Amino acid sequence: MSPAIPLTTLQSALGGALCGNGERSVERLAPLDEADAGSLAFIAQPRYEAMLRRSRAGVVMAAPALVGAVLQRPDPPPGGWCAWVFPDPYLAFARLTQWWRQHVAPRPSVVGIHPSAWVHPTARIGAGVSIGPFAVIDEEAVIGDGATIGAHAHVQARAAVGAGTHLGSSVVLGYDCRIGAHGIVHAGTVIGADGFGFAPEPQPDGGRAWVKIEQLGAVRIGDAVEIGANCCIDRGALGDTVLEDGVKLDNLIQIGHNVRVGRHTAMAGCVGVAGSARIGAYCTLGGGAIVLGHLELADHVHISAASVVMRSIRQPGHYSGVFPIDDNRAWEKNAATLRQLHALRERLKALERRTT
Amino acid sequence: MSPAIPLTTLQSALGGALCGNGERSVERLAPLDEADAGSLAFIAQPRYEAMLRRSRAGVVMAAPALVGAVLQRPDPPPGGWCAWVFPDPYLAFARLTQWWRQHVAPRPSVVGIHPSAWVHPTARIGAGVSIGPFAVIDEEAVIGDGATIGAHAHVQARAAVGAGTHLGSSVVLGYDCRIGAHGIVHAGTVIGADGFGFAPEPQPDGGRAWVKIEQLGAVRIGDAVEIGANCCIDRGALGDTVLEDGVKLDNLIQIGHNVRVGRHTAMAGCVGVAGSARIGAYCTLGGGAIVLGHLELADHVHISAASVVMRSIRQPGHYSGVFPIDDNRAWEKNAATLRQLHALRERLKALERRTT
Amino acid sequence: MSPAIPLTTLQSALGGALCGNGERSVERLAPLDEADAGSLAFIAQPRYEAMLRRSRAGVVMAAPALVGAVLQRPDPPPGGWCAWVFPDPYLAFARLTQWWRQHVAPRPSVVGIHPSAWVHPTARIGAGVSIGPFAVIDEEAVIGDGATIGAHAHVQARAAVGAGTHLGSSVVLGYDCRIGAHGIVHAGTVIGADGFGFAPEPQPDGGRAWVKIEQLGAVRIGDAVEIGANCCIDRGALGDTVLEDGVKLDNLIQIGHNVRVGRHTAMAGCVGVAGSARIGAYCTLGGGAIVLGHLELADHVHISAASVVMRSIRQPGHYSGVFPIDDNRAWEKNAATLRQLHALRERLKALERRTT
């Protein structure tokens with residue numbers, strides 16, 4: 001059973017202009033190619049115009065330039081098509097999903113403190129907090145107003161969770177670590193495990209054992225940060241590991257000790273950032289990218305997926321470094337030749353000298 | 001204390017033909033090079049024949065062509081060697097391990113619902129279900145007959161677990177997500193965290209903040225799917241993320257929102273598949289491979305370990321793209337030259353023109 | 001409020017020689033560039049001498065050659081600078097952090113068995129053990145003296161934890177698996193999930209389904225092993241997966257079934273080691289490196305970050321294989337040319353023949 005939300009209700013909440021049949025109702029949000037007359041879809045880029053022309057979406061969020069394309073589609077449903085017009089329809093669609101989440105498809109949630117949760121008497125719990133089954137809140141932890149703590153989550157001693165922040169199931173927020181307001185941490189993420197620090201100690205057989213350097217710092221995370229599932233954000237060795245406001249991390253990301261990530265930087269899944277790297281604001285790192293330790297990335301640096309940053313990058317821009325995929329036989333030949341590349345260059349040089 | 005299972009018992013259960021001493025008993029399963037007279041081993045490929053000839057395994061599962069090699073080994077134990085013959089001995093060995101698991105080395109398991117588990121009164125629990133300590137089953141969740149739910153697992157609201165499916169310790173099955181029958185999900189895996197979706201919003205300083213796109217879809221997983229430990233399978237943005245029947249995923253794998261993985265496709269550890277990629281049936285992805293978003297892979301595509309798929313692949317086949325490893329000094333030279341490769345090609349072209 | 005530890009107290013515990021003002025007190029440990037007169041810092045490598053000269057650290061751990069540089073800094077604080085001299089100041093600093101952790105900044109910890117933990121009556125619990133809230137200790141598990149088990153951890157049937165070993169929150173130690181003494185396993189790590197083993201079974205449509213090979217081995221981990229957060233160490237197929245004494249693993253690392261890792265080998269974050277690989281002693285693997293299955297690495301092999309080991313390495317040394325990062329436009333040209341590299345070599349050869 002779908003809801004049927006009058007489009008005018010949505011417009012009252014979110015603005016924009018309605019062209020065409022503004023009396024339509026919206027039963028669901030859908031991509032252009034799966035939408036029907038009861039669906040609302042969006043077109044964010046002109047290159048999807050061909051898909052738009054075939055779409056059966058009753059309502060389409062679109063930029064002014066595409067209103068005609070929305071309304072002139074053949075075979076309109078009873079009452080006709082509607083274009084809901086915004087200067088930036090993708091941003092408007094993001095806001096619509098938030099309204100939809102809140103009013104139509106709310107996340108299921110515990111209300112109040114579940115009786116099975118274990119909360120230390122010295123913890124300070126704000127107003128309107130939800131704490132899931134079997135969650136653990138250790139001594140002197142601070143949970144801000146309206147925060148929600150998932151089942152099996154563990155907020156350790158003296159850790160602090162900002163107002164309205166959500167920790168998913170089984171999240172660990174380590175002792176002394178803190179996350180700001182209106183953040184989201186998805187299930188299984190570990191914030192504040194020890195950084196990877198050891199001093200080598202020579203062994204009689206010529207090898208070296210590793211002596212642990214206790215990690216005495218913590219993790220500080222700003223406001224409006226979202227962190228995916230099963231990530232690791234290590235505590236600092238002496239100072240802290242820092243994620244600034246608005247940082248967004250996808251799943252399975254490793255952030256080493258004493259890393260600093262600038263505001264509104266985003267990283268896709270499986271990225272690894274080694275210790276003490278400093279990443280600027282407004283950067284993006286593609287999935288599986290690796291940043292080596294102690295490097296610096298300027299603001300507005302964009303790293304392609306699976307690229308390895310081996311030196312500091314001081315200039316904004318787009319950087320890549322990935323071996324191109326090929327059929328295996330071709331790759332084998334090229335990869336074998338690559339191992340002689342420097343020698344080939346020398347041969348080419350010699351040839352150039354000889355033929356000049 | 002090992003069991004001693006008469007080989008005839010095994011043959012009754014699993015078929016195949018016994019050549020040589022069919023009266024042997026089997027105390028343990030072992031690799032060829034660690035086996036003794038009480039062991040059963042297998043040889044799956046003729047290239048291990050040298051290892052077979054040195055093996056002390058009392059019983060060897062083998063294809064017909066290798067029966068002679070099994071039986072003619074020197075220094076037979078009392079009663080002599082035995083070959084247990086199958087057209088596909090590796091497949092037969094897989095079935096034997098299943099019989100062994102069931103009859104000789106059963107997994108330890110909770111029986112029934114552990115008193116510490118927390119089950120919402122509206123959840124529907126099938127017959128013969130086991131639920132471990134501190135597991136949480138939220139409202140309207142459905143647990144199929146004979147399913148087992150590990151300690152600290154969290155089956156969220158309206159999620160569904162098929163008959164006979166096993167969720168390991170601390171697994172999270174998100175709200176509205178479902179997994180079919182006879183599946184296995186190993187510990188720590190998170191199914192149904194939010195996909196990574198944000199719309200950029202310009203900031204006064206020239207940068208962009210990220211506005212969350214609520215992820216309104218779910219995850220649908222077919223029958224006989226196995227998922228390793230600490231994986232992440234994100235919920236879809238509008239539609240669902242889908243793993244078809246028989247898919248096998250190793251550990252620490254990231255599957256982005258709205259990805260579709262075709263039936264019987266297998267992925268080794270640390271693979272990352274970005275959002276909206278569509279991967280065909282019967283594919284294999286080697287460990288650490290990355291597939292970028294919105295790409296399509298045909299059926300029967302095989303990607304080598306650590307290769308990065310940057311374009312759709314429409315033809316079945318084997319594809320690779322990895323920088324060959326070398327001693328560091330050689331690599332440094334070749335890598336430095338690689339950064340001038342296009343210029344070298346231009347120089348070669350010029351030289352060719354000059355010398356023609 | 002900082003503590004103020006007399007330097008003489010530290011010297012009594014840790015040795016070394018004091019030059020300059022040995023009457024100083026230490027309020028905090030800090031890096032050279034963030035230190036003030038109340039801070040203790042260290043200099044491990046002569047290349048940081050310029051940073052040392054600007055540092056305001058009241059006490060600096062240093063090698064004998066740098067004592068002058070420590071003491072002759074301008075503008076000394078009241079009483080003057082102090083150099084705390086060791087032949088290996090980095091190692092001494094590591095030991096100091098351990099002293100500091102123990103005496104000044106102890107980790108918060110549960111004392112005794114938390115009333116909410118669930119311990120099977122047949123488990124054997126040593127003296128001085130701590131078990132956190134909602135931890136599960138299954139039948140016949142063995143917890144050594146002084147071990148600590150975090151909240152939501154799950155020690156499965158017949159698993160064994162050595163004396164003094166710490167398992168973090170939500171760690172899973174699988175049935176029959178064991179870890180030695182004085183180890184640390186950080187939160188979310190799964191030890192003993194099934195290895196990834198399947199036999200292909202032909203399907204009518206020309207594809208292959210996968211038949212599970214039950215993983216009948218376990219995991220054996222030596223003494224003084226540290227494993228980061230959200231790692232996966234799979235159980236063996238027949239024999240065991242083994243980590244020898246002193247191995248150190250960072251976060252999000254995948255160790256496949258039947259892998260053997262030699263003593264004191266260290267791996268940085270996001271490394272993947274495929275099944276049955278054998279890695280020697282005293283090796284290091286950089287972050288994101290991949291080792292394919294069934295390979296062997298000799299002792300003292302060092303693999304650069306993000307490199308892929310595709311063949312066995314029999315000689316100690318330093319090995320690399322990573323595509324160098326470049327600005328995207330340059331990379332695109334070079335990567336495109338790389339796909340013709342073998343052909344370029346043939347053209348170069350032809351040219352050489354022609355011009356000789």
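Predicted model: local features only at pLDDT ≥ 70, side-chain atom pairs only at ≥ 80, totals over all residues.
**Where chain B meets chain C**

If we turn to polar contacts, the rule finds 34 residue pairs across the interface of chain B and chain C, both residues being at pLDDT 80 or more. Which elements of chain B supply at least two residues each to the side that touches chain C? They are α4 (89–103), β27 (248–249), β30 (266–267), β39 (326–327), α5 and α6, and it is α4(B) that gives the most, with nine residues.

As for the whole contact, it takes 71 residues from chain B and 80 residues from chain C, and the area buried between the two chains is about 6,200 Å², of which carbon and sulfur atoms give 65%.

Let us stay with α4(B) for a moment. Its 15 residues should span 21 Å at 1.5 Å a residue, and its end C-alpha atoms are 20 Å apart, which agrees. Among the buried residues of this helix are B:L91, B:F93, B:L96, B:W99 and B:W100, and B:R101 is buried as well.

Now I would like to move to chain A and its helix α6, residues 341–355, which has 15 residues and reaches 21 Å from its first C-alpha to its last, close to the 21 Å expected. Why do the buried residues of α6(A) line one face of the helix? Seen down the helix axis, they fall within an arc of 125°, and so they line one face. The residues concerned are A:L341, A:L344, A:R345, A:L348, A:L351 and A:E352, and what covers them includes α5 of chain A, α5 and α6 of chain B, and α6 of chain C.

Finally, consider C:S307, which sits in the loop between β36 (301–303) and β37 (308–309) of chain C. Is C:S307 buried or exposed? Its relative accessibility is 0%, and therefore C:S307 counts as buried. A polar atom of its side chain lies 3.0 Å from the backbone nitrogen of C:G321, and, leaving aside neighbours within four places in sequence, the residues in contact with C:S307 include C:A289, C:Y319, C:V322 and, from chain B, B:I325.

Technical notes:
Residues numbered from 1 in each chain as written. Chains lettered and ligands numbered in written order. Heavy atoms only, no water. Helix = DSSP H or I, 4+ residues; strand = E, 2+ residues; numbered from the N terminus. Expected span 1.5 Å × (residues − 1). Buried < 20%, exposed > 50% of the residue type's maximum accessible area, 1.4 Å probe, protein only. Arc of directions from axis to C-beta. Contact = heavy atoms within 4.5 Å. Buried area = accessible area lost by both parts, 1.4 Å probe. Polar contact = N/O pair within 3.5 Å; in protein donor to acceptor, adjacent residues only side chain to side chain.
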